[in-house]
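Walk through this fold with the coordinates open beside the text.

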Amino acid sequence: MVGLDDIRAVTADLPRSYEVLVRDSIKYRVGQIVYLAVAPDEQTIGIAFPREEREAALAAAPDKFLRPRPSEERFRWIHVRLEALEYDELRELILDAWAMVVPKKVQAEYFAR
């Protein structure tokens with residue numbers, strides 16, 4: 001199982017990413033855009049995720065992915081159980097979410113390293 005320390009390790013060197021505390025939830029932003037939110041109990045995360053891939057992910061791994069709240073359905077967002085993730089999966093989800101919200105130039109420079 002992965003946790004908050006693993007999330008911080010992955011996000012530590014992401015350009016333009018920063019951590020904030022909002023109403024007992026740790027959130028990661030680029031500018032004002034939230035791309036990752038840790039639940040107060042640190043058991044789940046909400047993360048930017050392609051809307052067109054959400055239903056397939058929910059069907060393929062219902063033990064891992066959870067439907068976002070109805071108020072979040074219109075956004076590119078999904079919830080994930082941390083206990084169901086390995087570190088490499090967490091890293092991939094975070095990098096994909098971060099890449100959705102940074103400028104393409106920043107993304108290209110980061111992945112070219």
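Strand 1 and strand 2 are joined by six bridges and run antiparallel. The model is a predicted one. Within this pairing, Ser17 sits opposite Val30 of strand 2. The two strands make a hairpin, with two residues between them. Arg23 lies in that turn and has a positive phi of about 45°.

Asp24 belongs to the loop between strand 1 and strand 2. Its phi is near 65°, a positive value in a residue other than glycine. Asp24 is also exposed, with a relative accessible area of 64%. Then comes Ser25, which is placed in strand 2. Buried or exposed, where does Ser25 fall? Ser25 is buried, because its relative accessible area is 13% and the cut-off for buried is under 20%. Beyond its neighbours within four places in sequence, Ser25 is in contact with Val20, Val38 and Pro40.

Ala48 stands opposite Trp77 of strand 6. The loop between strand 3 and strand 4 holds Glu42. Glu42 has a positive phi, near 60°, and is a residue other than glycine. Its relative accessible area is 35%, so Glu42 is partly exposed.

Helix 3 (residues 87-101) packs with helix 4 (residues 104-111) at an angle of about 145°. Their axes are 10 Å apart. Helix 3 brings Arg91, Leu95, Trp98 and Ala99 to the contact. Helix 4 brings Val106, Gln107, Tyr110 and Phe111. By class, that contact has six nonpolar residues, one polar and one charged.

Is the length of helix 3 what its residue count predicts, or what span should it have? At 1.5 Å a residue, its 15 residues should span 21 Å. The end C-alpha atoms are 22 Å apart, which agrees. Several residues of helix 3 are buried: Leu90, Leu93, Ile94, Leu95, Ala97, Trp98, Ala99 and Val101. An α-helix has 3.6 residues a turn, so residues three or four places apart point the same way.

How many aromatic pairs does a search of the whole structure find? It finds four. A pair of rings is described by the distance of the centres and the angle of the planes.

Phe49 lies in the loop between strand 4 and helix 2, and Phe65 in strand 5. The pair therefore ties together parts that are 16 residues apart in sequence. Both Phe49 and Phe65 are buried.

Another pair is Trp98 with Tyr110. Here the centres are 5.1 Å apart and the planes are at 65°, so the pair is edge-to-face. The pair links distant parts of the chain, with Trp98 in helix 3 and Tyr110 in helix 4, twelve residues apart. Trp98 is buried, with a relative accessible area of 0%. Tyr110 is buried too, with a value of 9%. Ring pairs link Trp98, Tyr110 and Phe111 into a cluster. Those three residues also take part in the contact of helix 3 with helix 4.

Methods. Residues are numbered from 1 along each chain as its sequence is written. This is a predicted model: local features need pLDDT of at least 70, side-chain atom pairs count only at pLDDT 80 or more; totals for chains, interfaces and linings use all residues. Side-chain values use heavy atoms; hydrogens and water are left out. Axes are lines fitted to C-alpha atoms, for helices over the stretch in contact, and angles run from 0 to 180 degrees between N-to-C directions. Helices (H or I, at least four residues) and strands (E, at least two) are DSSP runs, numbered from the N terminus. Contact means heavy atoms within 4.5 Å. Ala, Val, Leu, Ile, Met, Phe, Trp, Tyr, Cys and Pro count as nonpolar, Asp, Glu, Lys and Arg as charged, and the others, Gly among them, as polar. The expected span of a helix is 1.5 Å times one less than its number of residues. Buried means under 20% relative accessible area, exposed over 50%, partly exposed in between (1.4 Å probe, protein chains only). Two strands pair if DSSP finds at least two bridges between them. Rings of Phe, Tyr and Trp (its six-membered ring) pair if their centres lie within 6.5 Å; planes under 30 degrees apart count as stacked, over 60 as edge-to-face and the rest as tilted.
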